[in-house]
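Q: Could you take me through how to read burial, strand pairing, side-chain contacts and enclosed space in a model like this one?

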Amino acid sequence: MSDDILSLSAAQLLAHFRARDLSPVEVARAALDRIRRLQPVYNAFVVVTEEEALAAARASEARWRRDAPLGPVDGLPTTVKDLLLLKGRPTLRGSRTTNPNQDWNEDSAAVARLREDGAVFLGKTTTSEFGWKGVTDSALSGVTLNPWDTTKTAGGSSGGAAVAAALGMGVLHLATDGGGSIRIPAGFCGVFGFKPTFGVVPVHPHPPPWTLWHQGPLARTVDDAALMLSVISRPDVRDVYAVPPLNIDYRRELNNGVRGLRIAYSPSLGYARIEREIASLVDRAVARFAELGADVETIDLPLDDPIDIMAPLWSVALALAVEPLSAEQRRLVEAPILELAASGFRMSALEYRALERRRETLARRMNLFHQNYDLLVTPQLATAAFAANHEVPPDSGMKRWWQWSPFTYPFNLTQQPAATMPCGFTSKGLPVAMQLIGARFHDAMVLRAARAYENAHPIELPKAPLG
């Protein structure tokens, strides 16, 4: 019965709560039981907050009995990536340098919105150290494994959240994305991930990547992600970069379809190389949008690879993360972090501002692009999931994660909304996804297109061993 419960979407669970034929306590216990069974295999959690979760579920159950839920996520089992503050628990950031013996008495902005609405927090999910790379492993918490093949990486840096979503260890999963960290693991794990327009989801505290860093949902359905976004996009006065309150229910336009939308498909963005099998699957998925009524055009979008902008900006962010650390703490940090941070320490203010001006030029170009197209579609990743405990595919000749994820970081630079939509499987049974990108603040349109595809091709979830 618990497995049946955990197959339900957020909307279905809420309907059961309202009808009082299913309790938030039953759902929380089912989720915690599944975590207990699967955590030793997949390693999706840094910590499981069982006692707090059951107490919150009992409080939610009492509210539903009175027909007085706090909000639209009351009673839903939720996870939080361990880069985000969760009151009462340490936020270790995947690093042995973080002292857990501090006053952890504050929630991050998005966590606060979920708590206000009665979400039941199951625990904190794994991340790479400081969220620096596109896979999820660290000296602190070990390696997080793919739900489709435990010899493969789950992607990162929100790998724990994506695995938890794929395997039903909770319903709503809060994650972060500074260069692809929501979309990469969503693509490798076969779930839906959404990076909202920067500023739509308030952030507090802001980490070193600042305006590159987004927060958003990972979920098993587009509807669940839209529900979560509707909650976490509410304002928080602590964020000086947040946009004015938009007061949008992102579920409202989900079923409007794609008929008449102008969709541009760029298979490479002008610079990316992609495995042939993945390209073929994405080609087929994009053609489906034309069958659903959209006006689809394959284009040659001749961008220069913006990693020349992104990598130096990330080096500065990593330098900011490393700068407060003592010499003893720096010895505990992964060597590539120190290597990348070194160039950030050397960068002048003038050089940094020149990079930001190039970033502004790219963003302006994309703003103009969307005067002619409602959506841009690309492959999500250039490869399927590869061997775990590696930053790059073994024997590929690559050195850094962005070489196999060339489609993610441009849209952190431009701050556009971008979604990962699963669209098939390789011959080895590994998930493949396409990326849907909209103009800034057209988040609802991206979700609407993703839902149209999902209605035609429901997301398939892994049948993992539950014992």
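## Reading the features

A: Helix H5 (residues 109-116) has 6 of its 8 residues buried, so it is largely enclosed by the rest of the structure. This is a predicted model.

Q: Which residues of H5 are buried, and what covers them?
A: Ala109, Ala110, Val111, Ala112, Arg113 and Leu114 are the buried residues of H5. Their cover includes the strands S2, S3 (120-125), S6 and S8, together with helix H8 (222-232).

Q: What follows H5?
A: Gly118 follows H5, and its phi is positive, near 90°.

Q: How should I read a strand such as S8, and is S8 mostly covered or mostly uncovered?
A: In a regular strand, side chains alternate between the two faces of the sheet. Strand S8 (residues 214-219) is mostly covered, with 6 of its 6 residues buried.

Q: Which way does S8 run relative to S6, and in which sense does it pair with S7?
A: S6 (residues 172-177) and S8 run antiparallel and are joined by 5 bridges. In that pairing, Leu174 stands opposite Pro217 of S8. S7 (residues 192-195) also pairs with S8 in the antiparallel sense, over 2 bridges. There, Phe192 stands opposite Ala219 of S8.

Q: Where does Thr79 lie, and is Thr79 buried or exposed?
A: Thr79 belongs to strand S2 (residues 77-81). The cut-off for buried is under 20% relative accessible area. Thr79 has a relative accessible area of 0%, so it is buried.

Q: What does the side chain of Thr79 join in a polar contact, and with which residues is Thr79 in contact, leaving aside its neighbours within four places in sequence?
A: The side chains of Thr79 and His173 are joined by a polar contact of 2.8 Å. With neighbours within four places in sequence left aside, the residues in contact with Thr79 are Phe45, Leu122, Gly123, Thr125, Met169, Leu172, His173 and Leu174.

Q: Is Arg63 buried or exposed?
A: Arg63 lies in helix H4 (residues 50-65). Its relative accessibility is 13%, so Arg63 counts as buried.

Q: How far apart are Arg63 and Asp74, and what joins their side chains?
A: Arg63 and Asp74 are 11 residues apart in sequence, and their C-alpha atoms are 8.7 Å apart in space. A polar contact of 2.8 Å joins the two side chains. Leaving aside neighbours within four places in sequence, Arg63 is in contact with Ala68, Pro69, Leu70, Asp74 and Gly118.

Q: How are aromatic pairs described, and how many are there here?
A: A pair of aromatic rings is described by the distance of the centres and the angle of the planes. The count here is 9 aromatic pairs. Ring pairs link Phe188, Phe386 and Trp404 into a cluster.

Q: How much space lies in the largest pocket, and which residues are closest to its centre?
A: The largest pocket holds about 510 Å³ of space. It is lined by 33 residues, and those closest to its centre are Leu83, Arg93, Pro205, Pro207 and Pro208. S6 and helix H10 (307-322) each supply at least two residues of this lining. H10 gives the largest share, 4 residues.

Q: How many cavities of 30 Å³ or more are there, and which residues lie nearest the centre of the largest cavity?
A: There are 4 cavities of 30 Å³ or more. The largest cavity has a volume of about 70 Å³. Its lining has 13 residues, of which Phe198, Gly199, Val201, Val203 and Trp213 lie nearest the centre.

Conventions
Residues numbered from 1 in each chain as written. Predicted model: local features only at pLDDT ≥ 70, side-chain atom pairs only at ≥ 80, totals over all residues. Heavy atoms only, no water. Phe/Tyr/Trp six-rings, centres within 6.5 Å; stacked < 30°, edge-to-face > 60°. Buried < 20%, exposed > 50% of the residue type's maximum accessible area, 1.4 Å probe, protein only. Pairing = 2+ DSSP bridges. Polar contact = N/O pair within 3.5 Å; in protein donor to acceptor, adjacent residues only side chain to side chain. Contact = heavy atoms within 4.5 Å. 1 Å grid on protein atoms, 1.4 Å probe; cavity = no way out; pocket = protein on both sides within 12 Å on 5 of 7 lines; lining within 4 Å. Points joined across faces, edges and corners; volume = space filled by probe spheres on them.
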